[in-house]
Amino acid sequence: MGARVAGHASLQDIRTFRIHADFAAFPTADVPLSWEIDENLSANVDDEPTFVIDGEYEVRIFQELEDDGGNRKDIAEVSLNVGALYELPDGETGAGTYEEAEVAAFTHTTARLALYPYVRALVADMTVRLGLPGLLLPTMRVQIAAPAETSD
C-alpha cells in the first residue's frame, strides 16, 4: 500500500529531536539485563513537497529477579524522539497527492526501517553513558503476511 509513496519520496535528513535517560537502580550482579521498547510513528503531511515522519521511542531496561519471587527490577529508561525529512518530486505534494492509508503504510514500513538504525545507535550510546553494558537492540524485522492460498 505504501509503495507509491516509497517510490517517490526521497530521504533528505534524519534528526534527533529529543533524548532523555533515567537511571533507576544499579543492576544486580550476574543477572542479565532485559529490555522492552515502545514506538509511536506519525506522519506530518500537508500540501508541501516535504513531509516529516516523527518517531517516539521508549526503551525500558530491567532485570527479572528469580530470588525475589520473579519480581522485575527497573534499571533505566531511555526515551527519544527522532524525525525523518522526506522530499517529494517537483510538482507533487503530500496531502493532495497521496491517500492517508498510503502514507500510513509508508510510515510503518519504509520510514520505520530508516529511523531504527539511528534509534539503535542512540540507545547503545545512552546505556553506556549510564554506566551499563551497551544495549544493542536487535535488527528490526518486518512481519510479512503469508500469501493467501488459492483454491483451484
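# Rings, charges and contacts

Author: Phe106 counts as buried, at 1% relative accessibility. Buried means a relative accessible area under 20%, exposed means over 50%, and partly exposed lies in between (1.4 Å probe, protein chains only). The model is predicted: local features need pLDDT of at least 70, side-chain atom pairs count only at pLDDT 80 or more, and totals for chains, interfaces and linings use all residues. Residues are numbered from 1 along each chain as its sequence is written, and side-chain values use heavy atoms, with hydrogens and water left out.

Reader: In what order do the elements of the protein run from the N terminus on?

Author: Helices are DSSP runs of H or I with at least four residues, strands are runs of E with at least two, and both are numbered from the N terminus. The protein has 3 helices and 4 strands. The order is α-β-β-β-β-α-α.

Reader: What share of the contacts with a separation of 6 or more comes from residues 24 or more positions apart?

Author: Contact means heavy atoms within 4.5 Å. The protein has 152 residues, and 31% of them are buried. Among contacts with a separation of 6 or more, residues 24 or more positions apart account for 71%.

Reader: Which residue forms a stacked aromatic pair with Phe51?

Author: Rings of Phe, Tyr and Trp (its six-membered ring) pair if their centres lie within 6.5 Å; planes under 30 degrees apart are stacked, over 60 edge-to-face, the rest tilted. The whole structure holds 4 aromatic pairs. In one of them, the centres are 5.6 Å apart and the planes 15° apart, and the partner of Phe51 is Tyr86.

Reader: How many residues apart are the two members of that pair, Phe51 and Tyr86?

Author: Phe51 is in strand β3 and Tyr86 in strand β4 (residues 71-87). Both are buried: Phe51 has a relative accessible area of 4%, and Tyr86 comes to 3%. The pair links distant parts of the chain, with a separation of 35 residues.

Reader: Why is the pair of Tyr86 and Phe106 edge-to-face?

Author: Tyr86 lies in strand β4 and Phe106 in helix α3 (residues 100-129), so the pair ties together parts 20 residues apart in sequence. Ring pairs link Phe51, Tyr86 and Phe106 into a cluster. The ring centres of Tyr86 and Phe106 are 5.0 Å apart, and the pair is edge-to-face because the planes stand at 80°.

Reader: Which side chain of opposite charge is nearest to Asp54?

Author: Asp54 lies in strand β3 (residues 50-65). Lys and Arg count as positive, Asp and Glu as negative; His and the chain ends are not counted. Asp54 is buried yet has no salt bridge. The nearest opposite charge is 8.3 Å away, on Arg18.

Reader: Which residue has a side chain joined to that of Asp54 by a polar contact?

Author: A polar contact is a pair of N or O atoms within 3.5 Å; within protein, one must be able to donate a hydrogen and the other to accept it, and residues adjacent in sequence count only if both atoms are side-chain atoms. Beyond four places in sequence, Asp54 touches residues including Phe17, Asn40 and Ser42. The polar contact spans 2.7 Å and its other partner is Asn81.

Reader: With which residue does Glu36 meet in a salt bridge?

Author: A salt bridge needs a side-chain nitrogen of Lys or Arg within 4 Å of a carboxyl oxygen of Asp or Glu. By this rule the count is 9. Glu36 is partly exposed at 28%. At 3.2 Å, N to O, its partner is Arg72.

Reader: Over the face of which residue does Arg72 lie?

Author: A charge sits over a ring if NZ of Lys or CZ of Arg is within 6 Å of the ring centre and within 35 degrees of the ring normal. Arg72 is partly exposed, at 37%. At 3.8 Å from the ring centre, Arg72 lies over Phe62.

Reader: How far apart are the closest N and O atoms of Arg129 and Asp125?

Author: Both residues lie in helix α3, 4 residues apart, about one turn of the helix. Arg129 is exposed at 63%, whereas Asp125 is partly exposed at 34%. Their salt bridge has its closest N and O atoms at 2.8 Å.
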